[in-house]
Amino acid sequence: MPHKQSMDYFRTLYEVVKAVNSSLNPRTVLRQVAEKISWAMDVKACSIRLLSEDRKYLQAGATYGLSQQYLRKGKVEVDKSKLDQEVLDGHNVYVCNACADERFQYPEAAQAEGIASVMAVPLNLQGQEIIGVLRVYSSSEREFNQEEVEFLNAMADLCAISIHNALAYDKIRYEHELLNRYTYQLFED
């Protein structure tokens with residue numbers, strides 16, 4: 001890996017760790033992560049999608065570099081996206097030509113957006129549960145080397161940790177509020 005790219009990855013890793021530790025708002029963190037990944041990997045765009053509770057859809061968590069028109073193309077349905085099925089099974093998935101690959105759910109929208117190659121990795125929560133998908137998109141056909149895939153997996157793991165921490169915080173805050181209400185009612189009534 002060229003020295004500049006290594007430095008960009010380290011700088012991005014540092015910025016992402018700072019973002020994860022500075023906010024419990026997952027949207028804020030994921031938006032920053034998507035932007036920094038796009039910059040470090042010199043790709044057109046990045047998206048982070050989270051699995052719905054019923055595990056039928058991948059919902060937008062954050063994007064960078066994609067048009068509103070592309071984002072409104074339709075729901076990403078797990079049953080209709082073979083690419084995402086593979087990722088949710090724990091595999092890294094490379095698509096050389098999104099416009100021609102049958103695994104891609106919206107090839108026409110990809111063509112209109114100028115998307116050529118895609119690399120997708122799972123958001124793996126501590127090796128226990130996959131909660132979503134991180135994708136990068138290039139505007140020309142491109143292969144992703146092993147270092148880039150490892151970098152994406154590290155970023156995906158940090159995203160999953162950030163989401164987990166935010167959800168855990170929300171749960172604790174909710175339980176604390178319930179306890180306060182109960183205590184108030186118990187002693188004030």
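The structure is a predicted model, with a mean pLDDT of 84 over the chain and 76% of its residues at 70 or more. Strand β1 (residues 45–51) is joined by bridges both to strand β6 (residues 129–137) and to strand β2 (residues 57–64), and 6 of the 7 residues of β1 are buried. The structure also holds 2 aromatic pairs.

**Confidence along the chain**

- Among the elements of the chain, the lowest mean pLDDT, 66, belongs to helix α1 (residues 3–22), whereas the highest, 96, belongs to strand β4 (residues 93–95).

- Strand β1 is largely enclosed by the rest of the structure, because 6 of its 7 residues are buried.

**Helix α2**

- Helix α2 (residues 26–41) consists of 16 residues and reaches 22 Å from its first C-alpha to its last, which is close to the 22 Å expected at 1.5 Å a residue.
- The buried residues of α2 are Val29, Leu30, Val33, Ala34, Ile37, Ser38, Ala40 and Met41. Because these residues cover an arc of only 170° around the axis, they fall on the same side of α2.
- The residue that follows α2 is Asp42, with a positive phi near 55°.

- As background, most residues other than glycine have a negative phi.
- Asp42, which is not a glycine, has a positive phi near 55° and is placed in the loop between α2 and β1. With a relative accessible area of 65%, Asp42 is exposed, since the cut-off for that class is over 50%.
- Arg55, also a residue other than glycine, has a positive phi of about 65° and is found in the loop between β1 and β2. Its relative accessibility of 45% makes Arg55 partly exposed.

**Aromatic pairs**

- Of the 2 aromatic pairs in the structure, one is formed by Tyr70 and Tyr137, whose ring centres are 6.4 Å apart and whose planes stand at 75°, so the pair is edge-to-face. Because Tyr70 lies in helix α3 (residues 68–71) and Tyr137 in strand β6, this pair ties together parts that are 67 residues apart in sequence.
- Both partners of that pair are buried, with relative accessibilities of 3% for Tyr70 and 1% for Tyr137.
- Another pair is that of Tyr94 and Phe144, with ring centres 6.1 Å apart and planes at 75°, so it too is edge-to-face. It links distant parts of the chain, as Tyr94 belongs to strand β4 and Phe144 to the loop between β6 and α6 (146–188), 50 residues apart.
- Tyr94 is partly exposed, at a relative accessible area of 28%, whereas Phe144, at 12%, counts as buried.

**Charges over rings**

- Lys73 lies over the face of Tyr70, at 4.2 Å from the ring centre; Tyr70 is also the ring that pairs edge-to-face with Tyr137.

Methods
Residues are numbered from 1 along each chain as its sequence is written. This is a predicted model: local features need pLDDT of at least 70, side-chain atom pairs count only at pLDDT 80 or more; totals for chains, interfaces and linings use all residues. Side-chain values use heavy atoms; hydrogens and water are left out. pLDDT is the predictor's confidence in each residue, from 0 to 100. Helices (H or I, at least four residues) and strands (E, at least two) are DSSP runs, numbered from the N terminus. Buried means under 20% relative accessible area, exposed over 50%, partly exposed in between (1.4 Å probe, protein chains only). Two strands pair if DSSP finds at least two bridges between them. The expected span of a helix is 1.5 Å times one less than its number of residues. The arc is that of the directions from the helix axis to the C-beta atoms. Rings of Phe, Tyr and Trp (its six-membered ring) pair if their centres lie within 6.5 Å; planes under 30 degrees apart count as stacked, over 60 as edge-to-face and the rest as tilted. A charge sits over a ring if NZ of Lys or CZ of Arg is within 6 Å of the ring centre and within 35 degrees of the ring normal.
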